[in-house]
Amino acid sequence: MIKVLFVCLGNICRSPMAQFVFKHMIEERGLAEQFEIDSAATESYNEMCHAGIHHGTREILKSMHVPFEEHYSRRIRPRDYAYYDYILAMDDSNIEDIQSIVGVDTDNKIHRLLDFANKPRNIKYPWYTGNFDETYWDIVEGCDAFLKHLKL
Ligand code: 4NP
């Protein structure tokens, strides 16, 4: 079982999008039983508000026919580091924030999702840009590259 935790700042836009895009991708490829997937935030504001998935993420997932369930924001916890095999962040600032919560990445588990792609880069907040399409295609590229990295 490969355990993957997708992480962003709020856990309402990018990381739940990555969680459900990746879930759909592995289901389509017959790999679902090999994975456990979840997503989390680096900040606690949305957890305190019991915030669900942002409507922009819901709309793009619906338009791309990617199934999703309800997901409520939760902050990454120190014990997630031991539990998950891969902690996949959306941008550089997420990496710093994750390390400040879980400590030093001694097992090399923390990566940016698009570090697996041909052009490593951050995935921008669609919360500010409003461009959920760009986020979606960046996430598809990253999830696909991550599966290639796993040789699956
Ligand atoms: P996300 O976007 O990190 O992609 O979920 C954000 C959502 C909420 C906030 C920031 C970014 N916020 O500050 O509440």
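Start with the contacts, where contact means heavy atoms within 4.5 Å. Of the contacts in the protein with a separation of 6 or more, 74% are between residues 24 or more positions apart.

Before going on, a word on the source. This is a predicted model, in which local features need pLDDT of at least 70, side-chain atom pairs count only at pLDDT 80 or more, and totals for chains, interfaces and linings use all residues. Residues are numbered from 1 along each chain as its sequence is written, and side-chain values use heavy atoms, with hydrogens and water left out.

Now the overall layout. The protein has seven helices and four strands. Both are DSSP runs numbered from the N terminus: helices are H or I with at least four residues, strands are E with at least two. Their order along the sequence is β-α-β-α-α-α-β-α-β-α-α.

How does the radius of gyration agree with that of a compact globule? For 152 residues the globule value would be near 15 Å, and the protein has 14 Å, so the two agree. That radius is taken over C-alpha atoms, and the globule rule is 2.2 Å times the number of residues to the power 0.38. The C-alpha trace spans about 40 × 40 × 30 Å along its principal axes.

Of the 152 residues, 53% count as buried. Buried means under 20% relative accessible area, exposed over 50%, and partly exposed in between, with a 1.4 Å probe and protein chains only.

Next, two helices. The expected span of a helix is 1.5 Å times one less than its number of residues. Helix α1, residues 14-28, has 15 residues and should span 21 Å; its end C-alpha atoms are 21 Å apart, which agrees. Twelve of the 15 residues of α1 are buried, so the helix is mostly covered. Among them are M17, F20, F22 and I26. What do the buried residues of α1 pack against? The partners are β1 (2-8), β2 (35-41), α3 (55-63), α5 (92-102), α6 (126-129) and α7 (132-149). After α1 comes G30, with a positive phi near 70°.

Helix α7 has 18 residues and should span 26 Å; its end C-alpha atoms are 25 Å apart, which agrees. Its buried residues include F132, Y136, I139, C143 and L147. Which elements cover the buried residues of α7? They include β1, α1, β2, α3, β3 (86-89) and α6.
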